[in-house]
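I opened this notebook to record what I looked up in the structure. The entries follow the order in which I consulted it.

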Amino acid sequence: MKKIYNMMQIACSFILISILAGCVKDTGMKKTRIFTPVFKTAENVRAAIKSDKAEDIVHPGKIYVLGNYIFMNEIGRGVHIIDNANPASPVNKAFINIPGNEDIAVKGNTLYADCFTDLMVIDISDPSNVLLKNYVPGLFSDRQYVFGYALSEYTIITDWIARDTIMDIDVAEGAGIWRNGSFYTNNMVMYEDMFYSAASYDGSKSNVIPSPVGVGGSMARFAIMNEHLYTVTTSLLNVLNITNSSAPQWNKTIPLNNFIETIYPFKDKLFIGSTTGVLIYDVSNPESPVQQGVFQHLQNCDPVIADDNYAYVTLHAGSACGENLNRLEVLDIKDLSQPTLIRAYDLSNPHGLSKDGNILFVCNGDDGLIMFDATDVYNIQRLKKIELPETFDVICYNKIAIVSAKDGLYQYDYSNVNDVRLLSKIIIKQ
Amino acid sequence: MKAIIISLFAVLPVVLTAQSNKQKEKIHYTSSYRLGIIAGKAYTTFTAQIIQGIRYKNFQTGIGVSLDPYGFRTIPVFGHFSYALHPEKSSVYVYGDAGMSIPWNNGALPEKYDNSTHDEWHKLFPGFYGEAGIGYNMVFNKKRNAVTINSGYSYKRFKYDEHVYIWNGFETAQQKDRYIFDYRRLTFRLGFSL
């Protein structure tokens, strides 16, 4: 009897466990903020491209300088026009609303600006009354998808609406963790279900190209050389003839087998910065760039500028940049088919750079703006450091260094390198 | 912190057992040590558990700590209660645990922001832990020392905030996402109680 009683106890236990087995499950949820796009017809967007009243600079992007004007990209929104006739007192004159804008270039009275997949051609002869003259559709095909949404020929995203939401998360794989929208298991398998992207810093540039073509930055993705506009996407080099500046002819696209970041024109060469190296293209025939050399380095973000004999590359660690390297590299490009590394200089977080004669300016992130004497490239000497918060872009223009930093756009007179003077600061709204 | 909790529970039984030997009252100190498995929908993993408490007639209560690697490794710290049908001899008992499950990060979720990589960082929170089940005590001496087996239904919640930088179409912005996970599993344990 006692044994039967014990047996019944154990049997009841297993029955109970079996019932509970049906309740075994793992569930997960994520409370997050999602962004849904506001679409407008491409026609309406193009009709709205005009000079609006000046707006605060909030998220500064790439800079282009021409004559008395500074053109500053507001990332994803448009272009600020800043009257810089008096660098000691620049005036924010107007704002051009261009959704999806990230890159700009200026030639004479024409501003070229991307609008997601299209190139906008804008007459800026009267900055207070700019006029859209033309557009080139589909030039930037890699920007057809934005934050997981597809753009069409007829619709453009003009704004985003934020909404807090709760979503279920699949945890069926069990032995792993969710991190940044991806599921990591012990085998390092990753399932991406959300799209995140890092911010793109903007760029500076050199001072070599004369007007009427403007001066852009070392992180620019547009470059104007004489009668041609060259643009790079992540994997393509586009060639546009702008002999008639208001009617660009898109003649050629060259595939590039690297993750392209920047393009820098010098004489009849294009220096294209990628995450894995610097590509040098010869544009003696401007319609048909031909690759002449390549310098490969570890995977890093790398704006590049050049002069007759040397190229200067800054490598900085970052979210999408691979290796954790922060340094300035100097390349010998006398033989363009075989660029060679001369020397590397360690820095803390270098970004944009610009060179005027033997003076080299490097934006060094939180470490401010650093001036170097690059007379001897084998032994570049630090001249001066200007304390600024999170610098990322510098353009040398008429002995004025225009510096883009976290809290503002600064202008420094460096005509006397021993007495570099702050001329002005345009505050960036925090 | 987790190591201190585990160490404390490992040393405590020696002290408490010594004290209980001196006493003849009906309240007895007791300690239990168990190893076992946690079987969930996704996979099965091991677990270990220590409970220190007192025993009075059919009832036993105490506090316990265990290692729970299922989903995300945690250290549950909980109150324990059980009722044995026949406390003086081998018999079935039922039990229930309730407490907090404290995350023990193995580095999978970085908890500091790295300025050089701009990676996301996390803040981990304790979540509710509970378990209920039945077991069997095989008493092998007059002191009621016993080999025990038990099985139960176990629940734990794990949650954390993830601080990320996202590109929202126009700008890069910091955002806090909260992840909440509920794990409902079966447990099977074998051990002994003193």
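**Entry 1**

I began with strand 31 (residues 369-373) of chain A, which pairs with strand 32 of chain A in the antiparallel sense over five bridges. I noted the terms used: strands (E, at least two residues) and helices (H or I, at least four) are DSSP runs numbered from the N terminus, and two strands pair if DSSP finds at least two bridges between them. I also noted that this is a predicted model, in which local features need pLDDT of at least 70, side-chain atom pairs count only at pLDDT 80 or more, and totals for chains, interfaces and linings use all residues. Residues are numbered from 1 along each chain as its sequence is written, while chains are lettered from A and ligands numbered from 1 in the order in which they are written.

Which residue is the bridge partner of A:Asp373 in strand 32 of chain A? I found A:Gln381 there.

Four strands of chain A form an open, antiparallel sheet in the order 29-30-31-32. Its edges are strand 29 (353-356) and strand 32 (381-386), each of which pairs on one side only. On average, neighbouring strands of this sheet are turned by 20° against each other, direction ignored. The axes behind such angles are lines fitted to C-alpha atoms, for helices over the stretch in contact, and angles run from 0 to 180 degrees between N-to-C directions.

At the other end of the order, I recorded four bridges between strand 29 of chain A and strand 30 (residues 359-363) of chain A, again antiparallel. A:Phe361 in strand 30 of chain A stands opposite A:Ser354. The hairpin of these two strands has two residues between them, and A:Gly357 takes a positive phi near 60° in it.

Most residues other than glycine have a negative phi. I therefore noted A:Glu390, whose phi is positive at about 45° although it is not a glycine, with as context: A:Glu390 is partly exposed, with 17 other C-beta atoms within 10 Å. A:Glu390 lies in the loop between strand 32 and strand 33 (393-397) of chain A. For exposure I used these limits: a residue is buried if 20 or more other C-beta atoms, placed from the backbone, lie within 10 Å of its own, exposed if 12 or fewer, and partly exposed in between.

A:Asn226 also has a positive phi, of about 55°, and is not a glycine. I located A:Asn226 in the loop between strand 17 (222-225) and strand 18 (228-232) of chain A. Because 14 other C-beta atoms lie within 10 Å, A:Asn226 is partly exposed.

**Entry 1: a residue of strand 33**

Is A:Ile395 buried or exposed? A:Ile395 counts as buried, because it has 29 C-beta neighbours inside 10 Å. This residue lies in strand 33 of chain A. I also looked up A:Gln411, 16 residues from A:Ile395 along the chain, and found their C-alpha atoms separated by 9.5 Å.

Strand 21 of chain A is joined to strand 22 (residues 269-274) of chain A by six bridges. In strand 22 of chain A, A:Lys269 is the bridge partner of A:Phe266.

**Entry 2: chain B**

Of its 194 residues, 40% are buried.
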